[in-house]
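Thanks for coming, everyone. Let me put the structure on the screen, and then I'll walk you through it.

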Amino acid sequence: MSRDPAYPVGLRLTGRRVVVLGGGTVAQRRLPALLAAGAEVTLVAPAATPSVEAMATAGELAWERRGYRAGDLAEAWYVLIATDDPAANAAASNEAEARRVWAVRSDDAAAATAWTPATGRSAGVTVAVLTGHDPRRSAGVRDAVVAGLRDGTLGGSPSGHRPAAGSRTGTVALVGGGPGDPDLITVRGRRLLAEADVVVADRLGPRELLDELAPHVEVIDAAKIPYGRAMAQERINAALVEHARAGRAVVRLKGGDPFVFGRGMEEARQLADAGVPVTVVPGITSAVSVPGAAGIPVTHRGVAHEFTVVSGHLAPGADGSLVDWEAVARLGGTLVLLMAVEHVEAIAHTLIGYGRAPGTPVSVVQEGTTAGERRVDTTLDSVAEVVRTEALRPPAVIVVGEVVTLGRG
Ligand SMILES: C[S@@+](CC[C@H](N)C(=O)[O-])C[C@H]1O[C@@H](n2cnc3c(N)ncnc32)[C@H](O)[C@@H]1O
């Protein structure tokens, strides 16, 4: 193999013919990026993996179900040679050389005229690493760079979160922080946090992430204590607008998902009305993740084909309640109750009154995904008593349904 380093280049493949020879796992790994780059891919292979076949069925590429034949590389700009027949690979290599088509070979890097770098993408940056002889090292360097871009420790602020040069208005990102475990925020959420000048945080969500913020980052505590708020919503909105107008990158960090009982749209609208650009970053909602992390699937084949998420912050029949408890009781699937600890007695009573079986399994998961997680299992007719005797308190997710018993030994 030549010791000369490869010359790095970014191929712009939109609308250009690319030929892939072989439909195995190499093709399966490389095809998504070729298709994402807009290449007009022709796959030549007698057989393909189910994933590659699905790309053909979906019309993403043209598949000729046969082995390589001389002439297949006519009009191609680029070829990936990855059949399991060394003679066919060598013949295709020769054709590529003769036609001056750049060719990658899965079986013989020395015979290739191009090498695939270890690639990754984050924050609008494509990372491509070539070490020549050491693909593991390439992948390791790539992983480190991509991780740095993702968590914001590398590469500045390309995400559009920062105000554009010359603009005096900052931006606000409404970021869903997940249920509490700091590892359960999204990659995008974590990166925006690392880029923030100001973070307005709730009591729920991944509070430990606040420790990682740089000292200059201003943290505003918008702590909402259940059934009473430490900081009025209007003041939160005003703070978001004020900091954004001062040209700062603001993250509004919320527990779970911003749009699941999170007032996300109220804040988004206020910001839009104030002319502040706002991005929404979805989060992992506690409604699914807290039961899941505690070993309870909200659906299970043959057991529950639906799950319903209901807020219990108002007791059944209370003024302003929008929940049709009779309909909820009739559903046989999984019921996930949020903010329901205070009214659990009235809720359980109402559900039983409308026909849900008193012995329906129930699990209360308090402070899910955090060091303080507790799971207590009971039944619908006993849940209120158990909440009292076990001194269960918010935040807790209450799961009602047969799924509760599935993970038990
Ligand atoms: C105002 S709601 C916000 C829900 C949030 N937006 C979400 O998608 O998870 C707060 C309720 O979510 C539930 N919750 C949030 N985080 C939780 C956790 N780590 N453990 C148990 N329940 C949690 C509790 O029912 C809590 O009262």
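Let's start with glutamate 75. Glutamate 75 sits in the loop between β3 (62-64) and β4 (78-81). Helices here are DSSP runs of H or I of at least four residues, strands are runs of E of at least two, and both are numbered from the N terminus. The phi of glutamate 75 is near 70 degrees, a positive value in a residue other than glycine.

Some ground rules. This is a predicted model: local features need pLDDT of at least 70, side-chain atom pairs count only at pLDDT 80 or more, and totals for chains, interfaces and linings use all residues. Residues are numbered from 1 along each chain as its sequence is written.

How confident is the predictor? pLDDT is its confidence in each residue, from 0 to 100. The chain averages 91, and 93% of the residues score at least 70. Over residues 224-228, though, the pLDDT is below 50. That stretch still has 9 contacts in the model beyond near neighbours in sequence. A contact means two C-beta atoms, placed from the backbone, within 7 Å.

Back to backbone geometry. Most residues other than glycine have a negative phi, and most peptide bonds are trans. Phenylalanine 261 has a phi near 45 degrees, again a positive value in a residue other than glycine. Look for phenylalanine 261 in the loop between β13 (249-254) and α7 (264-273). Phenylalanine 261 counts as partly exposed because it has 18 C-beta neighbours inside 10 Å. Then the prolines. The peptide bond from proline 394 to proline 395 is cis, with omega near 0 degrees. Proline 395 lies in the loop between α11 (383-389) and β19.

Now the overall layout. The chain divides into domain 1 (17-116), domain 2 (171-284) and domain 3 (288-405). Those bounds come from an automatic or database domain assignment. The centres of domain 1 and domain 2, taken over C-alpha atoms, are 46 Å apart.

So where does the ligand lie? It lies between domain 2 and domain 3, because both give residues to the shell around it. There are 26 residues around the ligand, and Gly256, Val260, Thr285, Ser286 and Gly368 come nearest. Near means a C-beta atom, placed from the backbone, within 6 Å of the molecule. Two elements give two or more residues to that shell: α8 (286-293) and β19 (396-400). The largest share, 3 residues, comes from α8. By type, the shell has 14 nonpolar, 9 polar and 3 charged residues. Ala, Val, Leu, Ile, Met, Phe, Trp, Tyr, Cys and Pro count as nonpolar; Asp, Glu, Lys and Arg count as charged; the others, Gly among them, count as polar.

Next, the record. In an unreviewed entry, UniProt lists Asp202 and Lys224 under "active site". Its positions are given in the numbering used here, feature names are shortened, and annotations may be inferred rather than shown by experiment. Aspartate 202 is in the loop between β9 and β10. Buried or exposed? Aspartate 202 counts as buried, because it has 21 C-beta neighbours inside 10 Å. Glutamate 212 is also placed in the loop between β9 (198-201) and β10 (218-221). Glutamate 212 is partly exposed, because 14 other C-beta atoms lie within 10 Å.

Of its 9 residues, 187-195, 7 are buried, so α5 is largely enclosed by the rest of the structure. Among the buried ones are Arg190, Arg191 and Glu195. Their cover includes α4 (135-151), β8 (171-176), β9, β13 and β14 (278-281).

Glycine 355 lies between α10 (344-353) and β17 (361-366). Glycine 355 counts as exposed because it has 9 C-beta neighbours inside 10 Å. Leaving out residues up to four places away in sequence, glycine 355 touches Ala329 and Arg330. Glycine 355 and alanine 371 are 16 residues apart in sequence, yet 37 Å apart in space, C-alpha to C-alpha. Glutamate 342 is in the loop between β16 (334-338) and α10. With 17 other C-beta atoms within 10 Å, glutamate 342 is partly exposed.

How values were computed:
A residue is buried if 20 or more other C-beta atoms lie within 10 Å of its own, exposed if 12 or fewer, and partly exposed in between; C-beta atoms are placed from the backbone. pLDDT is the predictor's confidence in each residue, from 0 to 100.
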